[in-house]
Amino acid sequence: MKRITTPITEATIRDLKVGDEILLNGRVVLSRDIGHKFMVEKKPEWLKPILENAVIYHCGPVVAHHEDGHWSFVSAGPTTSIREEPYQADVIETYSIRGVIGKGGMGKKTSDACARHGAVYLHATGGAGALLAERVKRVVDVKMLEEFGSPEAFWIIEVEDFPLVVTMDSHGGSLHEEVARASADRAKELMAAK
Amino acid sequence: MSVCPMPNLTPLSTVEAKSVLPKGWKADLADLRKVDLTLAVLELIRRSTTRLPQDVIEALVASRNAEAEGSRAANTLDTMLENVTLADENLAPLCQDTGTLLFWVRHPYGVSQRAVKQQIRAAVQEATKRSWLRPNCVAAIGGKNTGDNMDPFGETHPVIHFEEREEPGIEIHIMQKGGGCENVGAQYRLPDAAIGAGRDLGGVRKCIIDAVNKAQGQGCAPGILGVAIGGDRVVGYERSKELILRKVDSANPDPRMDAFEKQLKEELNTLGIGPMGYGGKTTALAVFVEELWRHPASFFVSISYMCWSSRRMALQLDAAGLPSYL
């Protein structure tokens with residue numbers, strides 16, 4: 001299993017192929033529906049240095065706020081990524097992101113942006129919230145908490161050995177498309193049987 | 001071939017020891033109008049959000065052992081099972097999406113539904129404060145999060161179904177249904193020319209295969225399917241969710257439906273979607289089907305998809321008010 005650490009270079013990304021299992025270390029920024037709409041519509045400058053060569057994670061975590069003011073992650077698995085399809089390509093290129101973590105895969109527009117810019121889609125195990133929260137070493141900061149609410153805020157975290165599968169690489173490959181094609185053929189076969 | 005062992009969950013005695021209920025607590029059912037279930041419901045939430053039902057765990061282990069050693073499917077099921085152990089150990093929500101909260105309350109004549117509703121809402125607020133639940137209630141258009149899982153009108157979240165019954169004692173079921181799996185649910189109106197489904201069981205079969213194929217890994221496969229045939233659009237969907245309260249290994253009392261469920265499960269597992277949609281033999285853990293009544297002009301097939309992390313639990317208060325969690 002490959003270990004990959006942020007900031008990630010384009011060369012590292014180009015080496016990754018569909019089906020590779022990796023362990024991610026370093027900076028990850030959480031963002032989902034409201035955050036993606038915001039990034040595309042408002043293009044905030046302050047987010048750029050935070051996201052450059054780092055990874056975005058589609059996740060709305062369960063967090064705990066401790067008495068001394070620090071935050072920790074209690075449960076933090078991926079949410080469905082396809083909802084960000086209208087925004088993701090733009091976000092990857094505007095903010096120079098090297099990876100997008102989520103579940104369920106994304107569409108052609110995102111895949112094309114991954115190929116152009118040098119980025120990958122990384123699949124986390126949906127529902128493994130407790131395990132993935134354990135791999136979050138530190139909550140570095142949180143932005144737009146008040147405005148978006150905790151599941152939608154930009155949580156900036158450091159992860160250690162975060163287990164992921166490359167399901168869309170930077171060469172146009174997609175495990176999701178392969179599986180979908182095969183299962184559609186099988187479904188057709190089953191439905192023709194009776 | 002190596003065999004995946006059953007995850008070692010903390011013993012029930014430890015779970016009991018961490019209960020939010022004082023030792024020896026029981027509900028005072030002498031005057032049903034005054035019964036207070038707030039703490040018992042808080043404990044119900046604590047258990048359902050951190051501990052997967054044993055029958056679901058067993059189904060995941062059996063599926064893991066059916067997948068090829070070292071395959072992505074086997075590794076993914078291992079990750080899921082490791083997560084089950086960690087959530088239980090750390091008292092952490094199994095999944096950060098603690099779901100839409102659904103409750104089914106069955107009670108004898110005399111219980112105040114208004115009072116029980118307030119108690120359930122108070123328990124949900126407290127569980128959210130304790131980070132056992134994520135605040136999952138937002139305004140439909142603006143997206144503003146209320147922060148405590150309460151919808152301000154007291155009508156849409158948490159979802160509470162009440163039913164009066166003959167038997168003494170009170171039963172409350174909880175289901176935590178994540179957004180990802182809720183989004184891949186589907187309702188068909190037969191006949192459906194697009195998939196060649198007519199108004200018969202064969203047509204229903206096509207709807208189920210079509211829905212699971214369309215869902216791919218998006219609903220966090222392997223899924224558990226609740227399928228209601230008939231009803232109006234609301235009753236069909238409502239019933240399809242309630243069916244998911246069944247134990248994964250339970251038989252349908254109707255032998256014809258039982259055979260249909262088993263056949264469907266087997267067929268769905270040949271689709272090759274696999275855990276999280278990475279490919280594999282495990283696409284469905286169970287299929288539950290029920291035939292309802294319908295208007296002569298309508299023939300709905302309502303399908304609810306539950307993710308592998310099927311969080312459900314029941315609180316039972318016996319006639320003396322003693323609680324048990326099943």
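In this predicted model, Pro191(B) is placed in the loop between β4 (186-189) and α7 (201-215) of chain B; helices (H or I, at least four residues) and strands (E, at least two) are DSSP runs, numbered from the N terminus. The peptide bond that joins Leu190(B) and Pro191(B) is cis, with omega about 0°. Residues are numbered from 1 along each chain as its sequence is written, and chains are lettered from A and ligands numbered from 1 in the order in which they are written. Because the model is predicted, local features need pLDDT of at least 70 and side-chain atom pairs count only at pLDDT 80 or more, while totals for chains, interfaces and linings use all residues.

**Sheet of chain B**

- Five strands of chain B form an open sheet in the order β2-β1-β3-β8-β9, with mixed pairing; two strands pair if DSSP finds at least two bridges between them.
- Its edge strands, each pairing on one side only, are β2 (159-164) and β9 (323-325) of chain B.
- From one strand to the next, the twist averages 15°; axes are lines fitted to C-alpha atoms, for helices over the stretch in contact, and angles run from 0 to 180 degrees between N-to-C directions.
- Helix α2 (residues 38-50) of chain B packs on this sheet and touches β3, β8 (311-317) and β9 of chain B, its direction making about 150° with that of β8(B). Two residues are in contact if their C-beta atoms, placed from the backbone, lie within 7 Å.
- Seven bridges pair β1 (residues 100-107) with β3 (residues 170-177) of chain B in the antiparallel sense; Thr100(B) has Lys177(B) as its bridge partner in β3(B).

**Strand pairing in chain A**

- Strands β1(A) and β2 (residues 21-30) of chain A run parallel and are joined by four bridges, with Arg3(A) opposite Leu23(A) in β2(A).
- The path from β1(A) through α1(A) to β2(A) is a right-handed β-α-β crossover. A crossover is right-handed if, with the strands pointing away from the viewer, the path from the first strand over the helix to the second runs clockwise.
- β2(A) also pairs with β9(A), in the antiparallel sense, over eight bridges; here Arg27(A) stands opposite Glu158(A) in β9(A).
- Three bridges join β2(A) to the parallel strand β3 (residues 55-57) of chain A, where Ile56(A) is the bridge partner of Val29(A).

- Helix α5 (residues 108-117) of chain A has the buried residues Thr110(A), Ser111(A), Ala113(A) and Cys114(A). A residue is buried if 20 or more other C-beta atoms lie within 10 Å of its own, exposed if 12 or fewer, and partly exposed in between, with C-beta atoms placed from the backbone.
- Gly118(A), which follows α5(A), has a positive phi near 90°.
- In β7(A), Val120(A) and Leu122(A) point one way, Tyr121(A) and His123(A) point the other way, and all are buried.
- Strand β6 (residues 99-102) of chain A runs parallel to β7(A), with four bridges between them, and Gly99(A) stands opposite Val120(A) in β7(A).
- The β-α-β crossover from β6(A) through α5(A) to β7(A) is right-handed.
- β7(A) and β9(A) run antiparallel and are joined by three bridges; Leu122(A) has Val166(A) as its bridge partner in β9(A).

**Backbone geometry in chain A**

- The peptide bond from Thr6(A) to Pro7(A) is cis, with omega near -5°, and Pro7(A) lies in the loop between β1 (2-5) and α1 (10-15) of chain A.
- Ser96(A), in the loop between α4 and β6 of chain A, has a positive phi near 50° although it is a residue other than glycine.
- Asp161(A), in strand β9 of chain A, likewise has a positive phi near 50°; Asp161(A) is partly exposed, with 13 other C-beta atoms within 10 Å.

**Contact between the chains**

- Chain A contributes 42 residues to the contact and chain B 47 residues.
- On the side of chain A that touches chain B, α8(A) gives the largest share, eleven residues.
- By class, that side of chain A has 23 nonpolar, 15 polar and four charged residues. Ala, Val, Leu, Ile, Met, Phe, Trp, Tyr, Cys and Pro count as nonpolar, Asp, Glu, Lys and Arg as charged, and the others, Gly among them, as polar.
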